[in-house]
Amino acid sequence: MAKELVNVNGGPSCQYHILLTKIKLAKNELEEAEKHCCEALSFDYQNYEAWILWAHIRYLAGEFRDAKERYERVLLFPELPTHHTHSIYIRLASIYLKEENYEESKKLFLYPCKNSPSCMSWLGVGICCYRLDQLEEAKNALAEANILNNKAPEVWAYLSLICLKTTKPLEAEQAYKYAIKLNLDNPELLEEIHMLQEQLGFGNPEF
């Protein structure tokens with residue numbers, strides 16, 4: 001390990017700066033993490049691990065356009081190990097989702113669903129399908145998300161929306177109650193549900 005941290009001239013190596021990047025990132029010291037990440041790339045510009053870390057740093061800093069460019073670059077590396085890809089696909093898919101590029105977002109969310117499924121990956125597929133008006137597919141994806149974690153409020157919120165759109169008053173109300181009970185913290189989504197409930201005249205126990 002010590003040899004990997006020193007370059008041929010006796011100074012810090014690429015791996016040294018990657019290690020410091022990870023340490024700073026764990027402490028949420030994003031500026032310092034980025035400095036070390038750039039130092040790592042100055043030693044080895046084709047180091048996929050450094051590019052992954054740089055993309056994560058930009059993502060956590062809220063610089064989604066920069067993060068998107070870096071994640072897309074990372075996915076072009078032929079030697080990219082599969083154990084690195086879950087967070088890359090999830091975060092890049094979430095950026096596409098923010099951009100309302102639902103088709104591309106859905107494709108990316110589906111990759112981890114096949115190899116290392118999580119509630120988040122299936123929720124992402126469910127949201128994309130809902131936005132694309134693929135309601136049956138959305139319901140199936142959200143059911144998969146629910147199996148992996150039945151306490152995710154956004155899963156219940158989107159299930160409620162689907163039940164509202166498919167005229168299932170009892171199920172819509174039940175899913176809505178679960179979302180509220182689990183402290184849904186998404187004002188825009190909550191407003192969307194309330195507007196559809198008012199429009200249709202069901203799905204809310206307060207009616």
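A: Let's start with a cut-off: a disulfide is a pair of cysteine sulfur atoms within 2.5 Å. Keep in mind that this is a predicted model.

Q: How many disulfides does the structure hold, and where does Cys14 stand?

A: The count is zero. For Cys14, the nearest cysteine sulfur is again that of Cys37, 9.0 Å away. Cys14 is buried, with 10% relative accessible area.

Q: Is His17 buried or exposed, and which residues does His17 touch?

A: His17, in helix α1 (residues 14-26), counts as buried because its relative accessibility is 8%. Leaving aside residues up to four places away in sequence, His17 touches Pro12, His36, Glu39, Ala40 and Phe43.

Q: How do I read the packing of α8 and α9?

A: Two packed helices are described by the angle between their axes and the distance between the axes. Helix α8 (residues 135-148) packs against helix α9 (residues 153-165) at about 150°, with the axes 10 Å apart. The two are therefore roughly antiparallel, and their crossing is left-handed.

Q: Which residues meet between α8 and α9?

A: From α8 come Leu135, Ala138, Lys139, Leu142, Ala145 and Asn146; they meet Val155, Trp156, Tyr158, Leu159, Ile162 and Lys165 of α9. By class, this contact has nine nonpolar, one polar and two charged residues.

Definitions and conventions. Residues numbered from 1 in each chain as written. Predicted model: local features only at pLDDT ≥ 70, side-chain atom pairs only at ≥ 80, totals over all residues. Heavy atoms only, no water. Axes fitted to C-alpha atoms, helices over the stretch in contact; angles between N-to-C directions. Helix = DSSP H or I, 4+ residues; strand = E, 2+ residues; numbered from the N terminus. Parallel < 35°, antiparallel > 145°, perpendicular 65-115°, else oblique. Left-handed = near helix turned anticlockwise from the far one by under 90°. Contact = heavy atoms within 4.5 Å. Nonpolar A, V, L, I, M, F, W, Y, C, P; charged D, E, K, R; others polar. Buried < 20%, exposed > 50% of the residue type's maximum accessible area, 1.4 Å probe, protein only.
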